[in-house]
Amino acid sequence: MYPEQENYYLVAKLGNLKTVVQLLKAINFKETATCFGTENGLKVTVEDAKCMQASAYIPSHVFEEFNLKEDVIFRINLNVLVECLCMFWSNINCQGSSVAAQLFYKGNGYPVTVLIEEDGVITDCSLKTQDPDELLDFHLEPENVLNKVVLQTELLKDILSELDPTSDFIELLLSPSPPFFRISTAGLAGICHVELPHDGDLIDNFQCTSTATSSYRLSHIKPAMKALVYASKVSLRTDTCGLLCFQYMVKTEEGHTCYIEFYISPVMNPDE
């Protein structure tokens, strides 16, 4: 049933699909994704309107097998991949369930084959691939990072549940002096300010070098919040241009660490 592995550029096997499905669901706010396979593992990236980018990082040591002849890059329909894996979601979540998956990619122009095995029954999914579009190089240069906050995700969940959903924008203020960390919205309920503690038990690290205020579209922030459900910690960073990065740490049941990153560009003139 399994293809000859030597004919493929990439062969990857997972014995536990739960974390990988969670990672893919967290970034599944657009239909297609670009996949990068390197010796470090698999990176799946989604981009929206050149102003928002999300990536799920699955290190090679998370896989039971990860065989790569050379670096690969291809674009797939992320909706279809998530749907295929979610057919087994109830079983994946069951204790003692044995749902494994193996991914095969032969190279440019070939489909990605996903074989899902449950108790000896194999489901074969074939996903067409496309040449990837060029992605923007979102990253934060260390020398340009103004502010960094590492916090437990439960704190951010509580804060975001209080925000006015009718607001178009969200304003983020970070400062080395009071109010330190403030999130603001302006909607039908009026202007709302929520101040977060900078030295509470749920704040692991608070590094702010200067006061900075930036605005972002709430419609861009909301997809980034989906990962809060799966992560234990989140690092929030901003740079001199107002670029915002959320980096989520997601632990697998085996104790491995995976990451999800969201980059969100600021709105220059939110009043316009």
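Reader: Which residues of helix 5 are buried?

Author: This is a predicted model, in which local features need pLDDT of at least 70, side-chain atom pairs count only at pLDDT 80 or more, and totals for chains, interfaces and linings use all residues. Residues are numbered from 1 along each chain as its sequence is written, and side-chain values use heavy atoms, with hydrogens and water left out. Because 6 of the 8 residues of helix 5 (residues 218-225) are buried, helix 5 is largely enclosed by the rest of the structure; buried means under 20% relative accessible area with a 1.4 Å probe, protein chains only, and helices (H or I, at least four residues) and strands (E, at least two) are DSSP runs numbered from the N terminus. The buried residues are Leu-218, His-220, Ile-221, Pro-223, Ala-224 and Met-225.

Reader: In what order do the 4 strands of the open sheet run?

Author: Strand 13 (190-195) and strand 15 (212-217) are the edge strands, each pairing on one side only; two strands pair if DSSP finds at least two bridges between them. Strand 11 (residues 169-174) and strand 15 pair over 6 bridges in the antiparallel sense. The order is 13-12-11-15.

Definitions and conventions: Buried means under 20% relative accessible area, exposed over 50%, partly exposed in between (1.4 Å probe, protein chains only).
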